[in-house]
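My notes follow in the order I took them.

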2 protein chains.
Amino acid sequence: MTGNESASKKARTDEKFQLFYWPGIPGRGEPIRLAFEEAGVDYEDVAYTKGVSAVTGLLGTGAHFAPPILRNGDLEISQLPNIMFYLGPKLKLVPDDDARFKVNQLFLTAMDCQNEAHDTHHPISTGLYYEDQKDAALERAKDFRENRIPKFFKHFEAVLAANKESKHEWLVGDKLTYADLGLTYLVEGLLFAFPRAVGELYSKFPKVFALHQRVKVRPRIKAYYESDRRKEFSNCVYRHYPELDAPEKDIDEVVPGKGGKKQPAD
Amino acid sequence: MTGNESASKKARTDEKFQLFYWPGIPGRGEPIRLAFEEAGVDYEDVAYTKGVSAVTGLLGTGAHFAPPILRNGDLEISQLPNIMFYLGPKLKLVPDDDARFKVNQLFLTAMDCQNEAHDTHHPISTGLYYEDQKDAALERAKDFRENRIPKFFKHFEAVLAANKESKHEWLVGDKLTYADLGLTYLVEGLLFAFPRAVGELYSKFPKVFALHQRVKVRPRIKAYYESDRRKEFSNCVYRHYPELDAPEKDIDEVVPGKGGKKQPAD
């Protein structure tokens, strides 16, 4: 599948990019896709055009530890934050000056939280099934929901609150950058994985959620979400196991006064 | 403490850098110090010159999620891989061309392994003591020793084996880069944390360990290790808990034939 043909007339660059990533999931390839889509770039998502063997063929050779991998002409690079740093100026998703390092800093921080989200379902080993590390997963997920997500969101909320230049709409400067795409994807993934826990945070971190919404309705991003290029979450870095999410609330807690008083336990 | 005065005559840059990081440990600040030291730069390690409050004062403001933080003139940035990417060209620790993205890729991969090393002693929560998550730590450390360290080292060995340009001495191109400093620090930290497990790997990954040794005897790095600017490992990202290391080997296994045959268990 070659993405984004319809938007290619106004593409921010005519360079030809190939993305090598696992098919069928958004995963760690998704921030790269979001960047291409926002920039209206005609990229090749190689797992769909040439099959997954084109991805696995680049691993285990000493060239790359893991996908995502980006190819542009003779250059072939991996590591998601590295790829974003490379693409940022080409896709005009960073300022021209040293503020690009602020963008990179915030993208890396969002990805730190993303990595911690992964470890909630694989706290012991990536080589074991979730079911075989479920006890530790329950503990780690509780800590992640109650301490880590709020800590990261508080940071991003403060960054947005401090950025008067964008009227608190974007993380750095007065335009969307790839840090905003990274945060949007983080929020999207966490809402999928922990809908109850993250749903409780809207009122505490309104600027973070407003940014997420602002990105999702941008014309090219919206078109991407409505296309078959965008894959649904399933078993990638973000996974939804209901038992790892916050417990269901009593109806009493959700709608005050509704359903009568709680019965004391026997 | 201001580092490296003796080497400042031949410094690779005259810019004035300030490093904000926790005092008393190498931690995630160390690759930055190694870069400054290798480049002969006169940097200020602010926790020692102005106290730890100068570090904590930069946190919780929406500016930085965590140290290390680098200040250079008006620019103040955090996130270790971001700081290294910024410093790379200034300290001449990357090639001038797009190969700098290969350097960054490999540095990020080394730091992924470093983050996994951290999670061996804190697999559930950074907010709990090690002792309160020891069962999970024992499991995660076993997986890390047996599967993850060998997987990462195999990758770096293959990268070195493929790099004919440096006669297999450096990861990228024909000179030391900050990827080599990152790998050196990773090996150093893992040897501290898991001496038995990592000591077993010398013969399997000779190029990785040779690189580590090659960096440690470079004049400026050696002078740094012998100075009081270099702090010993204790409780940072790398920690030594003997029970998390590989079990002690029977003398029979270490010296074949010595000590007679193993007695069968009753």
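This is a predicted model: local features need pLDDT of at least 70, side-chain atom pairs count only at pLDDT 80 or more; totals for chains, interfaces and linings use all residues.

**Exposed spots, chain B.** I began with B:Asp14, which is exposed at a relative accessible area of 66%. My cut-offs are: buried under 20% relative accessible area, exposed over 50%, partly exposed in between, with a 1.4 Å probe and protein chains only. B:Asp14 sits in the segment before strand E1 (17–20) of chain B. I checked its separation from B:Gln105, 91 residues apart along the chain, and got 27 Å between the C-alpha atoms.

Residues are numbered from 1 along each chain as its sequence is written, chains are lettered from A and ligands numbered from 1 in the order in which they are written, and side-chain values use heavy atoms, with hydrogens and water left out.

Next I looked up B:Gly60, which counts as exposed at 78% relative accessibility. B:Gly60 lies in the loop between helix H3 (53–56) and strand E3 (69–72) of chain B. Helices here are DSSP runs (H or I, at least four residues), as are strands (E, at least two), numbered from the N terminus. B:Ile83 is 23 residues from B:Gly60 along the chain, and their C-alpha atoms are separated by 19 Å.

I kept one reminder in mind: most residues other than glycine have a negative phi, and most peptide bonds are trans. In the loop between H3 and E3 of chain B I found B:Pro68. A cis peptide bond joins B:Pro67 and B:Pro68, with omega about 5 degrees. I then turned to chain A, where A:Pro67 and A:Pro68 are joined by a cis peptide bond, omega again about 5 degrees. A:Pro68 is in the loop between helix H3 (53–56) and strand E3 (69–72) of chain A.

Then positive phi. A:Lys92 is not a glycine, yet its phi is near 55 degrees. I placed A:Lys92 in the loop between helix H4 (80–90) and helix H5 (99–121) of chain A. A:Lys92 counts as exposed, at 52% relative accessibility. B:His168 also has a positive phi, near 70 degrees. B:His168 is in the loop between H6 and H7 of chain B. With a relative accessible area of 27%, B:His168 is partly exposed.

**Helix H6 of chain B.** H6 (residues 134–162) has 29 residues. I get 40 Å from its first C-alpha to its last, close to the 42 Å expected at 1.5 Å a residue. The expected span is 1.5 Å times one less than the number of residues. Where does H6(B) bend? The place is B:Phe144, and the bend is about 45 degrees. That bend is the angle between axes fitted to the seven residues ending there and the seven starting there.

B:Arg140 lies in this helix. Is B:Arg140 buried or exposed? B:Arg140 is buried, with a relative accessible area of 7%. I listed what B:Arg140 touches (heavy atoms within 4.5 Å), not counting residues up to four places away in sequence. From chain A there are A:Asp119, A:His122, A:Pro123, A:Ile124 and A:Arg140. From chain B there are B:Glu116, B:Asp119, B:Thr120 and B:Pro123.

**Helix H7, both chains.** In chain B, H7 (residues 178–193) should span 22 Å for its 16 residues, and its end C-alpha atoms are 22 Å apart, which agrees. Since 15 of the 16 residues of H7(B) are buried, the helix is largely enclosed by the rest of the structure. H7(A) has 16 residues and reaches 22 Å, close to the expected 22 Å. H7(A) is mostly covered, with 14 of its 16 residues buried.

**H7 against H9, chain A.** Helix H7 (residues 178–193) and helix H9 (residues 206–216) of chain A pack at about 105 degrees, axes 9 Å apart. Axes are lines fitted to C-alpha atoms, for helices over the stretch in contact, and angles run from 0 to 180 degrees between N-to-C directions. H7(A) and H9(A) are therefore roughly perpendicular to each other (65 to 115 degrees; under 35 is roughly parallel, over 145 roughly antiparallel, the rest oblique). On the H7(A) side the contact includes A:Leu181, A:Leu183 and A:Val187. On the H9(A) side it includes A:Phe209, A:Leu211 and A:Val215.

A last entry for H9 of chain A: A:Pro206 is found there. A:Pro206 is partly exposed, with a relative accessible area of 43%. A:Pro206 and A:Glu157 are 49 residues apart in sequence and 7.7 Å apart in space, C-alpha to C-alpha.
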